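This briefing is arranged by topic for a reader working from the coordinates. Please consult the sequence and structure shown here before turning to the points that follow.

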Amino acid sequence: HTDSPCLKLKPITLSKCQGYIQVGIQTYGGGIWHTWFDRNLKLAGRVIVRSDDGKIKERILHINRPLLCIPNCCIHLKRDTNEKFSPNKERELLPILATAVQAELSKPSSPKRGGIDSTKCEKEKNVNSAARRHHSLLMDLISKELGVAPDNILDFDLSLSDCQAACIGGVLEEFIHAPRLDNLFNAYCATEALIGGLSTLPGDTNVRVVALYDNEECGSQSAQGAQSAFTEYVLRRISQSNIDPTDNKNNYEIAIAKSMLVSADQSHAIHPNYADKHEDNHKPAFHGGVVIKTNCNQRYATTDVTATVLREIACKVDVPIQEYVVKNDSPCGTTIGPIQSAGLGVRTVDIGCAQLAMHSIREMCSTT
């Protein structure tokens with residue numbers, strides 16, 4: 001999956017309090033929200049605009065500089081902050097965009113806003129414009145970045161994320177520190193593997209597919225999520241393409257029976273400060289290899305058959321394997337593996353690479 005827990009802008013973000021201009025947000029997924037405090041936050045996502053020819057188009061936005069911040073309350077005014085810190089997600093997670101005073105002082109004296117002639121915009125005002133639902137500072141920022149009039153911005157799906165870039169760390173440079181390792185790590189590796197294997201395609205009768213889904217962090221129940229019928233539609237069309245009309249009409253069903261799905265999503269590495277969270281015989285470690293995830297209650301889709309197949313493949317290419325099972329007294333997370341396994345009727349194995357700080361704004365894994 002391509003999504004990660006984050007803060008997303010609300011349909012109406014207008015918010016002012018005590019002289020600050022803030023932005024209304026929604027919490028997406030199950031993030032460790034206290035890690036979002038005191039971070040430099042940027043803005044990225046999709047914007048729907050009306051072009052000069054009147055057509056509605058999608059634009060990708062990424063403003064890669066510090067724009068917002070959620071400051072902590074100082075310890076002098078909140079003495080118990082180190083004993084318990086569970087922020088109210090509606091009131092205390094609101095990021096600050098600017099001060100009202102500076103916003104007033106920065107208003108342009110000319111009729112141009114963000115490099116766009118706002119006088120002309122007023123004459124041709126779009127009644128569906130998002131400008132009615134958001135502060136002019138935010139709209140002007142997006143307008144300038146995309147080169148469109150604020151009133152031609154119809155809607156957007158924008159998220160906040162950490163400005164700090166990914167890096168290699170540790171005294172031996174063995175760690176990767178980055179946002180969204182869960183699960184861009186596996187999305188990237190799968191895509192690179194598909195591209196890297198192009199030279200072996202000639203003569204191969206198998207079909208190789210990489211599927212990257214959205215909305216895994218909130219249940220996968222969307223048109224672009226793993227619970228949609230989209231995967232089946234695509235696989236059916238592939239199985240029925242370029243075949244003789246007299247061939248078997250059950251090509252799709254036959255192909256599914258011969259296929260195997262690898263559900264690749266990050267796994268939990270053993271934490272030196274919280275070692276009791278892992279079962280004694282199942283402690284995935286950094287540099288220990290790919291992790292096979294198993295749960296008899298089908299929170300993971302791995303079976304003895306699919307685990308054996310994966311181990312055999314790993315043995316042939318000298319990739320070490322680790323095993324992970326959650327403790328009986330702990331809840332178990334899940335992946336899109338069980339969803340696709342049940343929906344398609346395909347053999348599935350759930351795997352991942354070990355990482356720490358999953359769902360934090362900044363996560364950690366190893367370089368091997």
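Beyond its neighbours within four places in sequence, Gln340 is in contact with Tyr213, Ala226, Thr231, Leu261, Gly345 and Val346. The model is predicted. The points below take up the setting of Gln340, then the salt bridges, the second largest pocket and some backbone features.

- Gln340 belongs to helix 8, which spans residues 337-344.
- Gln340 has a relative accessible area of 4%, and because this value is under 20%, the residue counts as buried.
- The side chain of Gln340 makes a polar contact of 2.8 Å with the side chain of Tyr213. Tyr213 is also among the residues listed as contacts of Gln340.

**Salt bridges**

- Side chains of opposite charge can pair when their charged atoms come close. The structure holds 11 salt bridges.
- Lys8 and Asp157 form a salt bridge through their side chains, with an N to O distance of 3.2 Å. This pair links distant parts of the chain, as Lys8 lies in strand 1 and Asp157 in strand 8, 149 residues apart. Asp157 is partly exposed, at 35% relative accessibility.
- A salt bridge also joins the side chains of Lys10 and Glu90, at 2.9 Å from N to O. Lys10 is in strand 1 and Glu90 is in the loop between strand 4 and strand 5 (96-99), so the pair ties together parts that are 80 residues apart in sequence. Lys10 is partly exposed, with a relative accessible area of 22%.
- In the salt bridge between Arg39 and Asp162, the closest N and O atoms are 2.5 Å apart. Here too the pair links distant parts of the chain: Arg39 is in the loop between strand 2 and strand 3, Asp162 is in strand 8, and 123 residues separate them. Asp162 has 3% relative accessibility and therefore counts as buried.
- Lys78, Asp80 and Lys84 are linked in a network of salt bridges.

**The second largest pocket**

- The volume of the second largest pocket is about 710 Å³.
- Its lining consists of 29 residues, and those nearest the centre of the pocket are Thr2, Asp3, Cys6, Lys8 and Ser159. Lys8 is also the partner of Asp157 in a salt bridge.
- At least two residues of the lining come from each of strand 1 (6-17), strand 3 (41-50), strand 4 (56-68) and strand 8 (153-162). Strand 8 supplies the largest share, five residues.
- Classified by residue type, the lining of the second largest pocket comprises 10 nonpolar, 10 polar and nine charged residues.

**Backbone features**

- Most residues other than glycine have a negative phi, and most peptide bonds are trans.
- The peptide bond from Asp182 to Asn183 is cis, with omega near 10 degrees. Asn183 is in helix 4, residues 181-196.
- Asp38 is not a glycine, yet it has a positive phi of about 60 degrees. Asp38 sits in the loop between strand 2 (20-28) and strand 3, and is partly exposed, with a relative accessible area of 47%.
- His359 likewise has a positive phi, near 75 degrees, in a residue other than glycine. His359 lies in the loop between strand 16 (354-356) and strand 17 (363-366). Its relative accessible area is 19%, and since buried means under 20%, His359 is classed as buried.

Conventions:
Residues numbered from 1 in each chain as written. Predicted model: local features only at pLDDT ≥ 70, side-chain atom pairs only at ≥ 80, totals over all residues. Heavy atoms only, no water. 1 Å grid on protein atoms, 1.4 Å probe; cavity = no way out; pocket = protein on both sides within 12 Å on 5 of 7 lines; lining within 4 Å. Points joined across faces, edges and corners; volume = space filled by probe spheres on them. Helix = DSSP H or I, 4+ residues; strand = E, 2+ residues; numbered from the N terminus. Nonpolar A, V, L, I, M, F, W, Y, C, P; charged D, E, K, R; others polar. Buried < 20%, exposed > 50% of the residue type's maximum accessible area, 1.4 Å probe, protein only. Polar contact = N/O pair within 3.5 Å; in protein donor to acceptor, adjacent residues only side chain to side chain. Contact = heavy atoms within 4.5 Å. Salt bridge = Lys/Arg side-chain N within 4 Å of Asp/Glu carboxyl O.
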